[in-house]
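Please examine the structure below.

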Amino acid sequence: MKIAVITGASSGMGKEFVLQLDRLEEYDELWLIARREDRLIELGTQTRAKVRPIALDLCQKQALDTYRDLLAEHKPEVAVLVNGSGFGRFGAFTDIDLEAQERMITLNASALMSMTYLTLPYMKKGGQIYQIDSQSAFQPVPYIGVYGATKAFVLSFSRSLNVELKQRGIRVMAICPGWVKTEFFDHAVTDNTVKYYARYYTSEQVVTRAIKDMKRGRDVSVCGHSIRRARFLAWLLPTKMVMKIWCNQQKLQG
């Protein structure tokens with residue numbers, strides 16, 4: 001049984017991956033993972049492939065155990081894994097609830113790593129792993145510090161794993177967009193600490209670019225000339241200067 005596994009599939013870039021992968025390739029099943037089962041069921045009415053809705057909170061170890069057991073029971077060939085679950089919180093570090101910060105680290109970094117680890121035994125040559133990352137991975141980001149740190153982990157982990165898996169013919173790519181207009185902001189923005197958003201991209205733009213970049217053999221996908229330019233500047237300029245520019249844009253102390 002050939003399947004694609006997409007986490008965070010109920011909205012945003014995860015949902016867009018479901019729709020685009022379903023159009024581009026034939027799968028026996030799409031395993032869609034998110035907390036909101038009703039949305040996953042509804043999404044199944046829009047796909048050609050059969051959808052298996054799997055309502056899990058990946059911050060819970062029990063959820064990862066459930067996923068592991070499903071793989072062991074069905075023994076599918078996982079052609080594609082999309083790790084799309086994640087969230088952010090904007091604001092000063094000391095103003096954000098500790099539990100939220102810990103959950104952010106668990107979901108954005110630890111759960112992503114665990115999902116990758118559990119899935120790899122079921123992937124063959126030609127398998128693809130898309131890791132939803134962020135432009136924040138390229139630099140420290142004051143007032144989005146913990147979120148940015150989790151995304152730096154994803155970038156480093158994904159690029160190194162891509163090298164390790166080369167001999168198996170499995171590709172890993174980090175997707176590092178700028179601002180994407182999704183429900184992410186409904187949870188991330190709790191005050192006006194972060195107020196300057198240079199440009200928004202759509203989930204469709206980001207996912208379309210990511211699929212093309214996977215075919216091109218890239219280990220990082222960056223949608224938009226302005227984001228690629230910002231990535232280059234983050235590499236070129238001293239880190240203190242990059243953070244200062246960010247704080248100035250947001251009219252924050254730094």
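Q: What follows helix 3, and how is its phi described?
A: Helix 3 is followed by Lys75, whose phi is positive, near 45 degrees. Helices (H or I, at least four residues) and strands (E, at least two) are DSSP runs, numbered from the N terminus. This is a predicted model, in which local features need pLDDT of at least 70 and side-chain atom pairs count only at pLDDT 80 or more, while totals for chains, interfaces and linings use all residues. Residues are numbered from 1 along each chain as its sequence is written, and side-chain values use heavy atoms, with hydrogens and water left out.

Q: How do you know that the span of helix 3 agrees with its number of residues?
A: The expected span is 1.5 Å times one less than the number of residues. The 14 residues of helix 3 (residues 61-74) should therefore span 20 Å, and the end C-alpha atoms are 20 Å apart, which agrees.

Q: Why are the buried residues of helix 3 said to line one face?
A: Seen down the axis of helix 3, the buried residues fall within an arc of 115 degrees, so they line one face of the helix. The arc is that of the directions from the helix axis to the C-beta atoms. The buried residues are Ala63, Leu64, Tyr67, Leu70 and Leu71, whereas Lys61, Gln62 and Glu73 on the other side are exposed. An α-helix has 3.6 residues a turn, so residues three or four places apart point the same way.

Q: Why is Gln101 called buried?
A: Buried means under 20% relative accessible area, exposed over 50%, and partly exposed in between (1.4 Å probe, protein chains only). Gln101 has 5% relative accessibility, and therefore counts as buried. Gln101 is found in helix 4 (residues 98-119). Not counting residues up to four places away in sequence, Gln101 touches Phe93, Ile96 and Val146, where contact means heavy atoms within 4.5 Å.

Q: What makes a space a cavity, and which residues line the largest cavity?
A: On a 1 Å grid over the protein atoms alone, a cavity is a set of points where a 1.4 Å probe fits but cannot get out; lining residues have an atom within 4 Å of a point. The largest cavity has a volume of about 40 Å³, a volume being the space filled by probe spheres set on the points, which are joined across faces, edges and corners. Thr7, Leu58, Asn83, Ser85, Leu107, Ala111, Leu112 and Met115 line the largest cavity. Helix 4 gives the most to this lining, with four residues.

Definitions and conventions
On a 1 Å grid over the protein atoms alone, a cavity is a set of points where a 1.4 Å probe fits but cannot get out, and a pocket is an open set with protein on both sides within 12 Å along at least five of seven lines; lining residues have an atom within 4 Å of a point.
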